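Hi everyone, thanks for making time for this. I'd like to walk you through one structure, so please have a look at it with me.

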Amino acid sequence: MPAEIHPLLAAALAARDNAHAPFSNFRVGAALEDDSGRVHTGCNVENATYGLTLCAERVAVFKAVSEGARKFRRIAVAADTDVLTPPCGACRQILWEFCGDVELILGNPRGRSETLRLKDLFPRAFDASFL
Ligand code: THU
């Protein structure tokens, strides 16, 4: 358990409070730091048709890109699970394309956290270099 919470994880935990998750009740927050230090947050936004749901990570990435950010340092993802919640497969693809082998901080509201790199979760990715 870290003595102090990483500020980016604190931002992800705060973003989680805005989650719109009436169907799963599984609330997720994300905070993405760009290369200027600006933090772009996201939460999961669910939809009654389920399949249109957007994960917190993709909301954070798309918000950031829509505001002109193109290079990223790290992303924090927060959910209330003991085994820390990692990004889903679709989000790993999006994160790889926009952030590359970015630092990933996973955490929960009880002070548990872990830092890893996207490549550890998403080896041998398909991306534009193959096109
Ligand atoms: N979810 C995320 O927002 N990020 C993840 O990393 C895992 C899953 C959301 C999608 C859905 O709203 C809910 O969690 C349950 O899958």
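Which side chain makes a polar contact with the side chain of histidine 40? Before the answer, one caution: what you see is a predicted model. Now, the partner is the side chain of aspartate 34, at 2.9 Å.

Let's stay with that histidine for a moment. Histidine 40 sits in strand S2, and its relative accessibility is 4%, so it counts as buried. Who surrounds it? If we skip the neighbours within four places in sequence, histidine 40 is in contact with Ala30, Ala31, Leu32, Asp34, Ala60, Ala64, Glu67 and Ala69.

S1 covers residues 28-34 and S2 covers residues 39-43, and the two pair in the antiparallel sense through five bridges. Within that pairing, alanine 31 is opposite threonine 41 of S2. Four residues lie between the strands of this hairpin, where glycine 37 adopts a positive phi near 95 degrees.

There is a second hairpin to show you. Strands S4 and S5 also run antiparallel, joined by five bridges. Glutamate 103 has arginine 117 in S5 as its bridge partner. This hairpin has five residues between the strands, and here glycine 111 takes the positive phi, near 90 degrees.

Arginine 112 belongs to the loop between S4 (103-107) and S5 (113-117). Buried or exposed, or something in between? With a relative accessible area of 46%, arginine 112 is partly exposed. For a sense of distance, arginine 112 and phenylalanine 26 are separated by 86 residues in sequence and by 18 Å in space, C-alpha to C-alpha.

On to the aromatic rings. How many aromatic pairs are there? The count is two. Take phenylalanine 23 and tyrosine 50: their ring centres are 5.7 Å apart and the planes meet at 50 degrees, so this pair is tilted. Phenylalanine 23 is in the loop between helix H1 (7-16) and S1, while tyrosine 50 is in the loop between S2 and helix H2 (56-66), so the pair ties together parts 27 residues apart in sequence. As for accessibility, phenylalanine 23 is partly exposed at 43% relative accessible area, and tyrosine 50 is exposed at 58%.

Then we have phenylalanine 126 and phenylalanine 130, an aromatic pair that is stacked, with 5.6 Å centre to centre and 20 degrees between the planes. Phenylalanine 126 has 47% relative accessibility and counts as partly exposed, whereas phenylalanine 130, at 57%, counts as exposed.

Last stop: the cysteines. Cysteine 88 is partly exposed, with 31% relative accessibility, whereas cysteine 91 is buried, with a relative accessible area of 1%.

Definitions and conventions: Residues numbered from 1 in each chain as written. Predicted model: local features only at pLDDT ≥ 70, side-chain atom pairs only at ≥ 80, totals over all residues. Heavy atoms only, no water. Pairing = 2+ DSSP bridges. Phe/Tyr/Trp six-rings, centres within 6.5 Å; stacked < 30°, edge-to-face > 60°. Buried < 20%, exposed > 50% of the residue type's maximum accessible area, 1.4 Å probe, protein only. Polar contact = N/O pair within 3.5 Å; in protein donor to acceptor, adjacent residues only side chain to side chain. Contact = heavy atoms within 4.5 Å.
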